[in-house]
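Colleague: I have a new structure open and I'd like to learn how to read it. Could you walk me through it, feature by feature?

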Amino acid sequence: MKQIYLSFLLTIFSVFLSFSQIATHLNFDGVDDKVVITNESNFDFTTAFSMEAWIRVTSFTQDWQTVISKGQTGPRIHRYANTDFIAFGTGGNDDLASTVSVNDGNWHHIAATFDNGIKTLYIDGVSQGTQIVGTISETNNDNVRIGSQSTFYTPVRAFHGDIDD
């Protein structure tokens with residue numbers, strides 16, 4: 001009887017393991033959570049580059065909540081103002097905004113590319129548009145931040161949700 005009971009428990013446990021999933025993403029609280037990548041000069045891109053992330057918004061609680069950024073005016077993916085859209089910025093006021101909402105509790109793949117003076121934003125593999133911006137000549141001394149933007153802002157535009165690579 002003990003052997004049957006043990007066999008039953010092992011079967012239930014293995015079924016449980018097959019249905020469970022180990023979390024590989026980071027959860028950001030929308031207040032002060034962030035990942036900081038130091039040695040910022042390695043991320044001073046002025047030619048071709050791309051940035052991407054999987055995101056799941058818990059809630060948009062403040063304007064310009066940031067997925068990834070290289071400072072105040074460096075390359076960044078963030079909430080577009082107070083909308084449910086995502087934007088790709090590469091300078092002071094040159095945001096390329098999406099046309100689809102990402103504030104729906106689902107996972108979305110965000111990708112942003114820059115090549116030969118043209119930037120493109122993709123949401124779930126669909127181009128949201130392109131923008132000609134010329135050469136990115138601005139570099140800065142800010143670290144790369146995932147889940148928040150530069151400490152220049154108060155609050156720090158902290159992301160509220162999940163981010164994965």
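This is a predicted model: local features need pLDDT of at least 70, side-chain atom pairs count only at pLDDT 80 or more; totals for chains, interfaces and linings use all residues.

Colleague: What holds strands side by side in a sheet?

Modeller: In general, strands of a sheet pair through backbone hydrogen bonds, either parallel or antiparallel. Here, E3 and E8 are antiparallel partners, joined over 7 bridges. E3 also runs antiparallel to strand E12 (residues 160-164), with 4 bridges between them. On that side, Arg56 has Asp162 in E12 as its bridge partner.

Colleague: How many helices and strands does the protein have?

Modeller: There is 1 helix, and there are 12 strands. Going from the N terminus, the order is α-β-β-β-β-β-β-β-β-β-β-β-β.

Colleague: And in what order do the strands of the open sheet lie?

Modeller: The open sheet has 6 strands in the order E2-E11-E4-E5-E6-E7, and the pairing is antiparallel. Strand E2 (35-37) and strand E7 (96-97) each have a single partner, so they form the edges, and one side of each has no neighbour in the sheet.

Colleague: Which residues have the most contacts inside the largest nonpolar core?

Modeller: That core has 23 residues, and the ones with the most contacts inside it are Ile55, Val67, Ile77, Ile86, Val102, Ile110 and Phe159. Two or more core residues come from each of strand E3 (49-57), E4, strand E6 (86-89), strand E8 (108-115) and strand E9 (118-123). E3 gives the most, with 5 residues.

Colleague: Could we zoom in on one of those core residues?

Modeller: Leaving out residues up to four places away in sequence, Ile77 touches Met51, Thr66, Val67, Ile68, Ile86, Ala87, Ile110 and Ala112. For the protein as a whole, 38% of the 165 residues count as buried. Among contacts with a separation of 6 or more, 60% are between residues 24 or more positions apart.

Colleague: What about Ser98: buried or exposed?

Modeller: The cut-off for buried is under 20% relative accessible area. Ser98 is at 5% relative accessibility, so Ser98 counts as buried. You'll find Ser98 in the loop between E7 and E8. Its side chain reaches the backbone oxygen of Val100 at 3.2 Å. Not counting residues up to four places away in sequence, Ser98 touches Phe85, Ile86, Leu121, Ile123 and Gln128.

Colleague: And where is Asp142?

Modeller: Asp142 sits in the loop between strand E10 (126-132) and E11. Asp142 counts as partly exposed because its relative accessibility is 26%. Asp142 and Asn39 are 103 residues apart along the chain, yet their C-alpha atoms are separated by 9.1 Å. With residues up to four places away in sequence left out, Asp142 touches Glu40, Lys70, Gly71, Gln72 and Ser150.

Colleague: Now the largest pocket. How much space lies in it?

Modeller: About 330 Å³. The pocket is lined by 19 residues, and the closest to its centre are Ile37, Glu52, Ile68, Val144 and Ile146. Strand E1 (26-29), E3, E4, strand E11 (144-146) and E12 each give two or more residues to the lining. E3 has the largest share of this lining, with 4 residues.

Colleague: Last one: what should I look for in backbone angles?

Modeller: Most residues other than glycine have a negative phi. Trp64 has a positive phi, near 60 degrees, and lies in the loop between E3 and E4. At 24% relative accessibility, Trp64 counts as partly exposed. Ala81 also has a positive phi, near 55 degrees, and its place is in the loop between E5 and E6.

Terms used
Residues are numbered from 1 along each chain as its sequence is written. Side-chain values use heavy atoms; hydrogens and water are left out. Two strands pair if DSSP finds at least two bridges between them. A nonpolar core is a set of buried Ala, Val, Leu, Ile, Met, Phe, Trp, Tyr and Cys residues joined through side-chain atoms within 4.5 Å. Buried means under 20% relative accessible area, exposed over 50%, partly exposed in between (1.4 Å probe, protein chains only). Contact means heavy atoms within 4.5 Å. A polar contact is a pair of N or O atoms within 3.5 Å; within protein, one must be able to donate a hydrogen and the other to accept it, and residues adjacent in sequence count only if both atoms are side-chain atoms. On a 1 Å grid over the protein atoms alone, a cavity is a set of points where a 1.4 Å probe fits but cannot get out, and a pocket is an open set with protein on both sides within 12 Å along at least five of seven lines; lining residues have an atom within 4 Å of a point. Grid points are joined across faces, edges and corners, and a volume is the space filled by probe spheres set on the points.
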